[in-house]
Amino acid sequence: RWVHAKSGRVYHTKFKPPRGYDGTAETLLDDETGDPLVQRAGDELSGFARRLSHYHADIDPVLEYYARQRPPLIYTVRTNIEPFAVELEIEVAVAAFTKPPPLPAEAPGSSSSF
């Protein structure tokens with residue numbers, strides 16, 4: 001991620017490159033002003049690795065806690081599959097959390113007549 005420091009406009013070399021970007025650092029220029037773009041320290045590879053490490057340190061214990069509950073209170077959805085299959089997995093996950101609890105079994109000898 002590259003940023004125009006004065007305006008805050010954000011660019012990405014792959015998904016939203018500046019208009020004149022040709023893969024070289026010299027062409028990382030803001031579309032409106034032509035000013036050079038800057039990369040925040042946190043957006044560099046070393047900063048990203050550090051942020052990802054902190055993320056896992058904070059989140060993994062939470063995920064593990066909810067996965068250990070009975071029934072589990074977390075559901076993993078694969079997102080590296082076809083979009084329609086992701087949608088199906090989400091529907092299965094939502095159904096697992098929203099289906100009503102089973103009705104209690106009737107006591108022996110009781111009847112349920114209306």
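Helices, which are runs of at least four residues, and strands, which are runs of at least two, are DSSP runs numbered from the N terminus. In this predicted model, the secondary structure of the protein comes to two helices and two strands. Read from the N terminus on, these elements follow the order β-β-α-α.

**Overall form**

- The radius of gyration of the protein is 26 Å, well over the 13 Å that the globule rule gives for 114 residues, so the protein is more spread out than a compact globule.
- Taken along the principal axes, the box that the C-alpha atoms fill is roughly 85 × 30 × 25 Å.

**Burial, surface and contacts**

- Of the 114 residues in the protein, 12% count as buried, where buried means under 20% relative accessible area.
- The protein has an accessible surface of about 9,400 Å², and 61% of this surface belongs to carbon and sulfur atoms.
- When contacts between residues at least 6 apart in sequence are considered, 26% of them join residues at least 24 apart.

**Helix H2**

- Helix H2 covers residues 83-98, which makes 16 residues, and from its first C-alpha to its last it reaches 23 Å, close to the 22 Å expected at 1.5 Å a residue.
- The buried residues of this helix are Ala85, Val86, Glu89 and Ala93.
- Seen down the axis of H2, these buried residues fall within an arc of 105 degrees, and therefore they line one face of the helix.
- On the face of H2 turned away from its buried side, the exposed residues are Pro83, Phe84 and Thr98.

Conventions: Residues numbered from 1 in each chain as written. Predicted model: local features only at pLDDT ≥ 70, side-chain atom pairs only at ≥ 80, totals over all residues. Heavy atoms only, no water. Expected span 1.5 Å × (residues − 1). Buried < 20%, exposed > 50% of the residue type's maximum accessible area, 1.4 Å probe, protein only. Arc of directions from axis to C-beta. Rg over C-alpha atoms; globule rule 2.2 N^0.38 Å. Contact = heavy atoms within 4.5 Å. Areas by Shrake-Rupley, 256 points an atom, 1.4 Å probe, with all protein chains shown as cover.
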